[in-house]
Amino acid sequence: MSRPARVALAAVSLAGCAPTPDYVDHYTSTRATCGFARHRGASPTPGVDTPSYPSRACVDAVHQDFGVDADAFVRADQLDSAYGHVEGSPQARNTRHELILMNARALLTMDLGTLGDLRASPKLTREFLEELEAVSDATDTRDTAGLLYNFAASVITRTIPANRQGSRASYNADDETLRISSPVKDDTIVGTVLVHESRHRWGGHGVCPWNPEKSCDPDATGAYGFGMSAKVIVLRHTEDPDIVAELDQGIHKLTGMIASFNDDEGHRLPRFARSGPEPAP
Ligand SMILES: [Zn+2]
């Protein structure tokens with residue numbers, strides 16, 4: 001398919017309410033600035049080999065990529081500086097600021113193969129692949145981790161701390177701003193929250209047909225499906241059994257938030273009933 005046709009299709013398929021963003025390659029220069037060693041998927045455990053930012057320049061580059069308001073995070077998290085990770089300060093841990101740094105870092109360190117590998121995958125939705133193709137065309141990147149990073153860094157132009165009950169992070173398409181409300185928790189950080197939140201540029205969640213109190217997407221083309229697709233990719237490139245188990249569990253949980261994966265009463269359809277990498281249209 002020619003590029004204009006594909007881009008137009010991607011824009012239409014992602015709810016048709018926002019044009020394709022101006023995708024920019026932030027990844028190549030930030031990765032060079034940070035100089036992280038790359039490792040296969042999410043092994044070794046992210047977070048364990050911290051303090052993880054080798055230089056202030058690296059932190060500055062990530063801040064710039066995601067429009068992070070460093071002063072606001074320092075105030076909100078009561079930090080001495082935004083460079084606690086560089087200095088190994090325990091104060092920097094478990095903060096809202098850490099959530100953006102660690103998710104960005106995950107995408108900068110993981111080797112997730114190339115776009116060519118993804119094209120061969122029957123488990124990823126057409127919408128997800130088309131968006132990554134658009135990122136690839138615009139940024140001349142083939143590296144999957146780079147595509148995910150550039151997707152998120154192009155959509156999120158500003159990142160600020162917030163205090164929203166029941167929300168870890170929320171993206172608002174009107175001001176292109178990511179608001180981070182809760183500190184990072186001890187679960188696996190693989191950068192997928194950035195992919196999920198960026199998908200909100202094209203719309204939010206609905207409610208589950210079987211429970212109007214709970215949020216669901218109608219199918220795998222929404223933010224839950226995008227985040228799940230990213231988890232599936234990381235899972236395929238990760239060997240650490242603890243991380244594999246956690247990703248597996250996370251993916252299974254997400255299948256419960258996608259209506260088309262469940263029957264009218266919210267029971268998982270047989271082919272999605274077991275945990276495992278199962279996103280599908
Ligand atoms: Zn969401």
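A crossing of two helices is called left-handed if the near helix is turned anticlockwise from the far one by less than a right angle, and right-handed if clockwise.

Before I go on, some housekeeping. This is a predicted model, with local features needing pLDDT of at least 70 and side-chain atom pairs counting only at pLDDT 80 or more, while totals for chains, interfaces and linings use all residues. Residues are numbered from 1 along each chain as its sequence is written.

Okay, the overview. The protein chain has twelve helices and seven strands; helices here are DSSP runs of H or I with at least four residues, strands are runs of E with at least two, and both are numbered from the N terminus. Of its 281 residues, 44% count as buried, and buried means 20 or more other C-beta atoms within 10 Å of the residue's own, against 12 or fewer for exposed and partly exposed in between, with C-beta atoms placed from the backbone.

Back to helix 10, residues 192–199, and helix 11, residues 223–236: their axes come within 8 Å and cross at roughly 155°. Those axes are lines fitted to C-alpha atoms, for helices over the stretch in contact, and the angles run from 0 to 180 degrees between N-to-C directions. That makes helix 10 roughly antiparallel to helix 11; the cut-offs are under 35 degrees for roughly parallel, over 145 for roughly antiparallel, 65 to 115 for roughly perpendicular, and oblique for the rest.

Who touches whom? On the helix 10 side we have Thr-192, Val-195, His-196 and Arg-199, and they meet Ala-223, Phe-226, Gly-227, Ala-230 and Lys-231 of helix 11. Contact means C-beta atoms, placed from the backbone, within 7 Å. By type, that contact has four nonpolar, three polar and two charged residues. For the record, Ala, Val, Leu, Ile, Met, Phe, Trp, Tyr, Cys and Pro count as nonpolar, Asp, Glu, Lys and Arg as charged, and the others, Gly among them, as polar.

And how many residues of helix 10 are buried? Eight of its eight, including His-196, Glu-197 and Arg-199. The cover includes helix 6, helix 9 (144–155), strand 4, strand 5 and helix 11.

Three strands form an open sheet in the order 3-5-4, with mixed pairing; strands pair if DSSP finds at least two bridges between them. Strand 3 (158–161) and strand 4 (169–172) are the edges, each pairing on one side only. Strand 3 runs parallel to strand 5 (residues 177–180), joined by four bridges, with Arg-158 opposite Thr-177 and Pro-161 opposite Ile-180. Strand 4 runs antiparallel to strand 5, also through four bridges, and Asn-172 stands opposite Thr-177. Strands 4 and 5 make a hairpin with four residues between them, where Glu-176 in the turn has a positive phi of about 55°. Helix 6, residues 96–109, lies across strands 3, 4 and 5, at about 125° to strand 5.

Last stop: helix 2 (residues 27–34) and helix 3 (residues 56–65), which pack at about 160° with axes 8 Å apart. They are therefore roughly antiparallel to each other, and this crossing is left-handed. Thr-30, Thr-33 and Cys-34 of helix 2 contact Ala-57, Cys-58, Ala-61, Val-62 and Asp-65 of helix 3: five nonpolar, two polar and one charged.

Notes:
Two residues are in contact if their C-beta atoms, placed from the backbone, lie within 7 Å.
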